[in-house]
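Open the model in your viewer and keep the selection tool at hand.

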Amino acid sequence: MNTLTVSPSPHVHSSDSVKRNMYGVVIALLPALAASLWFFGLGALTVLLTSIVSCVLIEFLIQKFVLKVPTTITDGSAAVTGLILAFNLPAGLPLWIVVVGALVAIGIGKMTFGGLGQNIANPAILGRVFLLVSFPAQMTTWPVPGDADGATGATPLGLLKEGGVGALSNLQTSDLLYGNIGGSLGEVAAICLIIGGLFLIFAKIITWHIPVSILATVAIFSGILWGVDPTTYADPMFHILTGGMLLGAFFMATDYVTSPMSHSGMIVYGVGIGLITMLIRTFGAYPEGMSFAILIMNIVTPLINTYCKPKRFGEVVKK
């Protein structure tokens, strides 16, 4: 006897899958990965490998021996978490701190809630924020790109926070685009992040709504301040190309699980991230605010989903 099994919706047939999307993100990050290795060398490589291996291993151990469920490390999500976590860390960070960040990202940020698809915040961001609060000195020690002697310096946002716009007089837009600045692995070579972000959009791994709404909000907010007093506030291009802005807009804020489902919700979410980031950068104690902004809006996402719902199939619109 043939049995017809009816499964719940949605009934969608496509080549899309978690594995495809995760490895698509890895491909998109390859240009920025190459740039970080070029500028920071062995220090970047050890941080990257430690973060990725730690995230994959911790997820495997928790699923195998704690939750006792089938392991899912081959879907690429743990590796992507490790890669993005590493991109938020400075080269040369003590490796035991990297492992702690991976433990928080996977153990607390992801597996505590049941694994992929059930976490309420981006695991990599949670790991990064935990490390920043717990180890501020180590997390804000930035190697100078290409310096084999291990010299350290300030990031462009750090220079702005400490010395104002005048401290940026020797900094060119080309430096920000091509990587001649200090910062985390994912802050150098903005052009590489732009290339990767555009790849994600054209490959339909993400949509334009979140990154464009974030970058547009930042541009408008900083543009107004810059127009009022250019001697105090930096121009919009500076804010877009510095810090974790591009990495966050294209690769972290667009996390499927922790971002809104509808396009209108994505725009609200992106505007919120842009506003919070600029408020922290401009008036807060930290020079950068991208990770905090995404983490806050991750928590607000369920509320956004409640009020920004797509039209139901077959729904009659009242005139």
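Before we start, remember that this is a predicted model.

**Stop 1: the largest pocket**

Select Met-22, Leu-116, Asp-255, Tyr-256 and Val-257. Of the 26 residues that line the largest pocket, these are the closest to its centre. The pocket has a volume of about 460 Å³.

Now colour four helices: α1 (18-40), α3 (77-87), α5 (123-134) and α12 (245-252). These are the elements that give two or more residues to the lining of the largest pocket.

What kinds of residue make up this lining: how many are nonpolar, polar or charged? The lining divides into 16 nonpolar, seven polar and three charged residues.

**Stop 2: the second largest pocket**

Move on to the second largest pocket, which holds about 320 Å³ of space. Select Thr-140, Trp-142, Thr-155, Pro-287 and Glu-288. Of the 18 residues that line this pocket, those five are the closest to its centre.

Which element gives the most? That is α7, with four residues.

Sort this lining by type as well. Here there are nine nonpolar, four polar and five charged residues.

**Stop 3: an edge-to-face pair**

Next, look for aromatic rings. The structure holds two aromatic pairs. Show the side chains of Trp-96 and Phe-135. Their ring centres are 5.4 Å apart. Why is this pair called edge-to-face? The planes of the two rings meet at 85°, and an angle over 60 degrees counts as edge-to-face.

Now trace the chain from each ring. Trp-96 sits in helix α4 (residues 95-108), while Phe-135 sits in the loop between α5 and α6. The pair therefore ties together parts that are 39 residues apart in sequence.

Is Phe-135 buried or exposed? Phe-135 has a relative accessible area of 17%, so it is buried, as the cut-off is under 20%.

**Stop 4: a tilted pair**

Finally, select Tyr-286 and Phe-292. They form an aromatic pair too, and this one is tilted. The distance is 5.2 Å centre to centre, with 35° between the planes.

Check how each partner meets the surface. Tyr-286 has 36% relative accessibility, so it counts as partly exposed. Phe-292 is buried, with a relative accessible area of 16%.

Key. Residues are numbered from 1 along each chain as its sequence is written. This is a predicted model: local features need pLDDT of at least 70, side-chain atom pairs count only at pLDDT 80 or more; totals for chains, interfaces and linings use all residues. Side-chain values use heavy atoms; hydrogens and water are left out. On a 1 Å grid over the protein atoms alone, a cavity is a set of points where a 1.4 Å probe fits but cannot get out, and a pocket is an open set with protein on both sides within 12 Å along at least five of seven lines; lining residues have an atom within 4 Å of a point. Grid points are joined across faces, edges and corners, and a volume is the space filled by probe spheres set on the points. Ala, Val, Leu, Ile, Met, Phe, Trp, Tyr, Cys and Pro count as nonpolar, Asp, Glu, Lys and Arg as charged, and the others, Gly among them, as polar. Rings of Phe, Tyr and Trp (its six-membered ring) pair if their centres lie within 6.5 Å; planes under 30 degrees apart count as stacked, over 60 as edge-to-face and the rest as tilted. Buried means under 20% relative accessible area, exposed over 50%, partly exposed in between (1.4 Å probe, protein chains only).
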